[in-house]
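I opened this entry to look up the helices, the annotated spans and the aromatic pairs, in that order.

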Amino acid sequence: MKNQQSIQGILSIAALICLGAGWLNLFSPEINHLLSRKIFYYLIGASFIVQAPALTNKNFTYAMYAAALLCVVGASLPEESKLSVLKTIGLLGGIAISFTNRPRRS
């Protein structure tokens with residue numbers, strides 16, 4: 001469980017670094033686009049896959065896998081495709097699921 005959290009944390013931080021580098025235009029336009037619009041979503045999808053088995057509410061496990069799949073599939077589609085919005089839907093869904101499955105404090 002602890003190792004799983006570490007892996008998920010590393011993936012999430014790497015995704016945020018990719019997003020930040022793309023937004024700050026640290027590299028060429030092609031690399032910035034790749035980092036912020038492709039690799040970011042692949043890393044977030046991988047993070048959701050690692051997080052899914054650890055969810056406290058097991059009813060959301062498959063929903064988290066679906067969110068990960070939407071992130072990866074949406075990022076794999078061309079930007080011109082109307083279905084590329086799937087990556088954003090997956091991201092928002094995964095974030096919502098992870099927030100609703102936080103352990104309650106007594």
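I began with residues 39-56, whose end C-alpha atoms lie 28 Å apart, the span being 72% helix and 0% strand; helices and strands here are DSSP runs, numbered from the N terminus (H or I, at least four residues, and E, at least two). The model is predicted, so local features need pLDDT of at least 70 and side-chain atom pairs 80 or more, while totals for chains, interfaces and linings use all residues. Residues are numbered from 1 along each chain as its sequence is written, and side-chain values use heavy atoms, without hydrogens and water.

I then checked residues 62-78, with end C-alpha atoms 26 Å apart, 88% helix and 0% strand. Both spans are among those that the unreviewed UniProt entry annotates as "transmembrane region", an annotation that may be inferred rather than shown by experiment.

Next I looked at helix α2 (residues 29-51), which bends by about 35 degrees at Ile-39, the angle being taken between axes fitted to the seven residues ending there and the seven starting there.

Phe-40 and Tyr-41 are edge-to-face, at 4.9 Å and 80 degrees, and both are buried (under 20% relative accessible area, with exposed over 50% and partly exposed in between, 1.4 Å probe, protein chains only). Tyr-62 and Tyr-65 have centres 6.4 Å apart and planes at 50 degrees, so I noted that pair as tilted. Tyr-62 is exposed at 68%, whereas Tyr-65 is partly exposed at 31%.

Notes: Phe/Tyr/Trp six-rings, centres within 6.5 Å; stacked < 30°, edge-to-face > 60°.
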